[in-house]
Amino acid sequence: MKLINIGFGNLVNADRVVAVVSPDSAPVRRMIQNAKDSGRLIDVTQGRKTLSVVFTDSEHIILSYLKADRIVKRFEGADGEETDGE
């Protein structure tokens, strides 16, 4: 099991992640609202602007303040687990 830091020391199981996307499109915003209404939304932004949305195979949606490309680099192992500003 590989755990990925998605900001502020919050970790997600890499095997359970389906997609990492930007929150800018209307369909993604609707999916976030639906997840919030049904209790499947996890917000780990700590009040900061949401820059990426992580979808899991359990239909949970996780909001992160890290950019999607940075999270993807962590999945690939290129970014390591350094905190640099988190």
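**Exercise 1. Find the backbone partner of the Ser 52 side chain, then describe the surroundings of Ser 52**.

Step 1. A polar atom of the Ser 52 side chain lies 2.7 Å from the backbone oxygen of Leu 66. The model is predicted: local features need pLDDT of at least 70, side-chain atom pairs count only at pLDDT 80 or more, and totals for chains, interfaces and linings use all residues. Residues are numbered from 1 along each chain as its sequence is written, and side-chain values use heavy atoms, without hydrogens and water.

Step 2. Ser 52 belongs to strand 5 (strands are DSSP runs of E, at least two residues, numbered from the N terminus).

Step 3. Check burial. Ser 52 has a relative accessible area of 0%, so it is buried (under 20% relative accessible area, 1.4 Å probe, protein chains only).

Step 4. List contacts (heavy atoms within 4.5 Å). Beyond four places in sequence, the partners of Ser 52 include Val 20, Pro 23, Ile 62 and Ile 71. Pro 23 is 29 residues away along the chain, yet the two C-alpha atoms are 5.8 Å apart.

**Exercise 2. Work out how strand 6 is paired and covered**.

Step 1. Strand 5 (residues 52-56) pairs with strand 6 in the antiparallel sense over four bridges (pairing takes at least two DSSP bridges). Val 53 stands opposite Leu 63.

Step 2. Strand 4 (residues 41-43) pairs with strand 6 in the parallel sense, over three bridges. Here Leu 41 faces Ile 61.

Step 3. Inspect both faces of strand 6 (residues 61-64). Ile 61 and Leu 63 are buried on one side, Ile 62 and Ser 64 on the other.

Terms used:
Buried means under 20% relative accessible area, exposed over 50%, partly exposed in between (1.4 Å probe, protein chains only). A polar contact is a pair of N or O atoms within 3.5 Å; within protein, one must be able to donate a hydrogen and the other to accept it, and residues adjacent in sequence count only if both atoms are side-chain atoms.
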